[in-house]
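Visitor: Could you take me through one part of this protein up close? I'd like to start with a single piece and see what surrounds it.

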Amino acid sequence: DTETFLILGSPAILTRKWCVGEMVTAHRNNVKTLLLSWPAFLKPDEKFIEHFPTLVPDYGELANHGIGLSDVAKTFRWLHTVASHNLPEKFTPSSAFPLVSMLCGQSLSACRMTTFYSTDCPVLANPGDTEAMATAMVLSSMLNPKLIGTRLPLTSVLEEGNDVLDGAQVALMICSSNCWKSAQVERWLLQTSQLPSCGVIPVIAEDNFLVPSPSMYEELRPTSLLDQQEFQRYCMVIKALFQEIAVVFVPQNYSSTHEDLPLRANQAAGRLQATLTPLAEKVRAIEDRDGYKRIAEIDKGVTLKEDDWKENPVFGETLLSATL
């Protein structure tokens, strides 16, 4: 009774025996099939078909379901004939429009009307991280129905090259591996930290994500194009961001279900509607606290070591003035 069978063409999917088994079943039953090809996905050639038993040594388990090597070979050749769509290197809301149009049979203009909103409530994610962008889009789509009728505007995923609007009320930051090294994330967070009334909620998007530590700031410095003053403020912004309790939203996790994700989205919606301390205010508090702390140490005759600067690169101007 399947209307359309969708194959997510990730690089390793053809070595997943149960995925291959599903493909064989769709082929046998003439189910309409669409293939979404990741940039690194390669359709199986005759050499791959020949070496399939070696690449997937436990393929024999498919025999329990009446699937043999000849069925697999026929299915792999059939994949070259199914309708396919190549995913771009960078996955964005704009690049998703033709994909949604293909899958849903809607016109591109209809997809735009129902998907694209203003960025007064932006969702920020590393544009170079496909998983992070996909997470941002899933979260945004699940949040918006819950925000209709509230004081907040609908969320939208901010695309690379765009700026955080001056009127932004609240933002969500998708926290993923290496996101802090993204020049675009640097720019967005620094812009947000200048807005007088915009709060930011961190969203943990990976199981193995670690809250930034002082040693991480040292790792960021060599790759950042920010000048020293901007970089010090950027470190302050990251530190201030995690003064807010994070929301966990990991749709790619195997344990994330249709029941679990709406609950997570409900939590995020509740947090968005709560009163948040603006990020700019938190940054100022950190700047004042760290600056006065170092001034007090100078007054007591404490010698500042190079490590002090490395561990807390956030006090800069105030400390320099006090030293002089």
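**A close look at strand 1**

Guide: Strand 1 and strand 2 (residues 32-37) run parallel and are joined by six bridges. Strands here are DSSP runs of E with at least two residues, and helices are runs of H or I with at least four, numbered from the N terminus; two strands pair if DSSP finds at least two bridges between them. Before going on: this is a predicted model, where local features need pLDDT of at least 70, side-chain atom pairs count only at pLDDT 80 or more, and totals for chains, interfaces and linings use all residues. Residues are numbered from 1 along each chain as its sequence is written, and side-chain values use heavy atoms, leaving out hydrogens and water.

Now zoom in on one pairing: Leu6 has Leu34 of strand 2 as its bridge partner. Buried means under 20% relative accessible area, exposed means over 50%, and partly exposed is in between (1.4 Å probe, protein chains only).

Leu8 sits in strand 1, which covers residues 4-9. With a relative accessible area of 43%, Leu8 counts as partly exposed. Together, Leu6, Leu8 and Leu103 make a nonpolar surface patch of about 230 Å². Patch residues have over 30% relative accessible area and no salt bridge, with nonpolar side chains (Val, Leu, Ile, Met, Phe, Trp, Tyr) joined within 5 Å and like charges within 9 Å. A salt bridge is a side-chain nitrogen of Lys or Arg within 4 Å of a carboxyl oxygen of Asp or Glu, and accessible areas come from the Shrake-Rupley method with a 1.4 Å probe; for residues, only the protein chains shown count as cover.
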